[in-house]
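Here is a briefing on the model shown below.

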Amino acid sequence: MGQSLQKGNNMRFARPETAHEAAGLIAQEIGLVRILSGGTDVMVQLKAGLVEPALIVDIKRIPGMRTITPEAGGFRIGAAVSGAELGEHAEVRALWPGVVEGAELIGSTQVQGRATMAGNLCNGSPAADAVPGLVAANAVARIMGPNGERDCPIADIPAGPGKTTLAKGEFLTSIFLPARPARSGDAYLRFIPRTEMDIAVAAAAVNLTLDAAGVIIAARVVLGAVAPTVRLVPAAADTIIGSKLDEAALAALSAACSAACSPIDDKRGTIEFRTQVAGVLAKRAALIAYSRAGEKK
Amino acid sequence: MKSIHVSTTVNGDAVEFICAPDESLLDVLRNRLGLTGAKEGCGTGDCGACSVTLDGRLVCSCLVLGAEAEGSSVGTIEGIADGDTLHPLQQSFIDHAALQCGICTPGILVAAKSLLEKNPDPTDTEVRYWLAGNLCRCTGYDKIIYAVQDAAKKMRSA
């Protein structure tokens, strides 16, 4: 009859109704705990025997986990909101198109039906497609843990391949996308050797704000898949702040991004390739963000 | 391992089953409910052969725990035909010979039905992107695209 993914373990499954209940369950557990939201990473890890949790905590029944709520001119995205649900939300897409396009690049239609930005973040991949856009957007994670709730910038969560700064017993309950000034735009681009369903070889997200004359007055530039974590590059943002994204500024942006890369060499891309492509992608993403902010280029 | 009792709906029928905490929805469907239309290809969400709908959303049933189906509504290939009358997509796949070995076909039909419910008049490119998570090693995909488009056309004029 039915079979377990792993023979002979004693995994338990819990479906708490509140974040406090979930935090309590996790705090009491002596063994390994895995949070189940979309499951598109956790289920693969279970199947492969990479993790053998004592307890799986499905957080999808907790109120707010699957909803997108307007808040202070921005949006609070529940930790279990899927890529498909996010993509269908016209207002979030209009406010933060670069964040949504990053999240939508994760996996197939089937994977989009379940995969979440919070899960993409907590999985800790340096190539996570949802994360550069969130960091560029200055998004903030709301985290529940044994000591209650806290807010933390998304930028401070990745700690290395497969690692985050979340403390034991902590889990995300939502991600807050802030309001943004008029004449702002963001964009995310990645390179993959095919057209769909692959892991980024290099990636870049750019978020910028223009003044009335089309001069960039604020920018955040973030690279993916070219360092042990997604990397915020203030030096790259500095190259375009004060410019109208002219050729010289774009060249300086590209050079600053390439200089910030410390990628691995693997079968999907060499160090030299990733380093160069990250600069090119940043330039192209900046141009898209610029036009989304309302200026033709 | 403590078994879990689950009450759910499958293809519109109320269903109850007992499963292990780490048992996938795919294994529940195939091994406990006798619904063997969904196939296990990769078991890791890459091939789409196990595609079903969960609360109307297309998912890989290998990436869902059986326990998660509690209180949900699951749709499988077995629920697509209306009695002995095939769904237009099923008929179209036969008419266009859009399958060879057939292992990927149930997943592709479930995925294509989900596409046409959302977008009754997709472009070829939209069909290809939507079905990018359904791998087929036999057909070369062209006949699948023709079959989906022909079914879409018939469903629009029905």
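**Strand pairing in chain A**

Strand 2 (residues 33-36) of chain A pairs with strand 3 (residues 55-58) of chain A in the parallel sense, over 4 bridges. Two strands count as paired if DSSP finds at least two bridges between them. Strands (E, at least two residues) and helices (H or I, at least four) are DSSP runs, numbered from the N terminus. The model is predicted: local features need pLDDT of at least 70, side-chain atom pairs count only at pLDDT 80 or more, and totals for chains, interfaces and linings use all residues. Residues are numbered from 1 along each chain as its sequence is written, while chains are lettered from A and ligands numbered from 1 in the order in which they are written.

**Around strand 2 of chain A**

- A:Val33 sits opposite A:Leu55 of strand 3 of chain A.
- Between strand 2 and strand 3 of chain A, the chain passes through helix 2 (residues 42-48) of chain A, and this β-α-β crossover is right-handed. That term applies if, with the strands pointing away from the viewer, the path from the first strand over the helix to the second runs clockwise.
- Which residues of strand 2 of chain A point one way, and which the other way? A:Val33 and A:Ile35 share one direction, A:Arg34 and A:Leu36 take the other, and all are buried.
- Buried means that 20 or more other C-beta atoms lie within 10 Å of the residue's own; exposed means 12 or fewer, and partly exposed is in between, with C-beta atoms placed from the backbone.

- Strand 4 (residues 68-71) and strand 5 (residues 74-78) of chain A run antiparallel, joined by 4 bridges. A:Ile68 faces A:Ile77 of strand 5 of chain A.
- These two strands form a hairpin with 2 residues between them. In the turn, A:Ala72 has a positive phi of about 50°.
- An open sheet of 4 strands in chain A has the order 11-12-13-14, with antiparallel pairing.
- Strand 11 (184-191) and strand 14 (231-232) of chain A are the edges; each has a single partner strand, so one side of each lacks a neighbour in the sheet.
- Strand 13 (residues 216-224) and strand 14 of chain A pair over 2 bridges. A:Val222 has A:Leu232 as its bridge partner in strand 14 of chain A.
- Helix 11 (residues 271-292) of chain A lies across strand 11, strand 12 (202-210) and strand 13 of chain A, at about 30° to strand 12 of chain A. Axes are lines fitted to C-alpha atoms, for helices over the stretch in contact, and angles run from 0 to 180 degrees between N-to-C directions.

**Domains of chain A**

- Chain A splits into domain 1 (10-59 + 67-180) and domain 2 (200-292). Such bounds come from an automatic or database domain assignment.
- The C-alpha centres of domain 1 and domain 2 of chain A are 25 Å apart.
- Their contact takes 19 residues from domain 1 of chain A and 18 residues from domain 2 of chain A. Residues are in contact if their C-beta atoms, placed from the backbone, lie within 7 Å.
- On the domain 1 side, helix 5 (97-104), helix 8 (131-136) and strand 8 (158-160) of chain A each supply at least two residues. Helix 8 of chain A gives the largest share, 5 residues.
- That side divides into 13 nonpolar, 5 polar and 1 charged residues. Ala, Val, Leu, Ile, Met, Phe, Trp, Tyr, Cys and Pro count as nonpolar, Asp, Glu, Lys and Arg as charged, and the others, Gly among them, as polar.
- Helix 5 of chain A is mostly covered, with 6 of its 8 residues buried. Among them are A:Val99, A:Val100 and A:Glu101.

- In chain B, an open sheet of 5 strands has the order 2-1-5-3-4 and mixed pairing.
- Strand 2 (13-19) and strand 4 of chain B stand at its edges, each with a single partner strand, so one side of each has no neighbour in the sheet.
- Chain B has domain 1 (4-79) and domain 2 (88-157). Their C-alpha centres lie 21 Å apart.
- 13 residues of domain 1 of chain B are in contact with 11 residues of domain 2 of chain B.
- The contact between the chains takes 32 residues from chain B and 28 residues from chain A.
- The chain B side has 17 nonpolar, 8 polar and 7 charged residues.

Methods: Contact = placed C-beta atoms within 7 Å.
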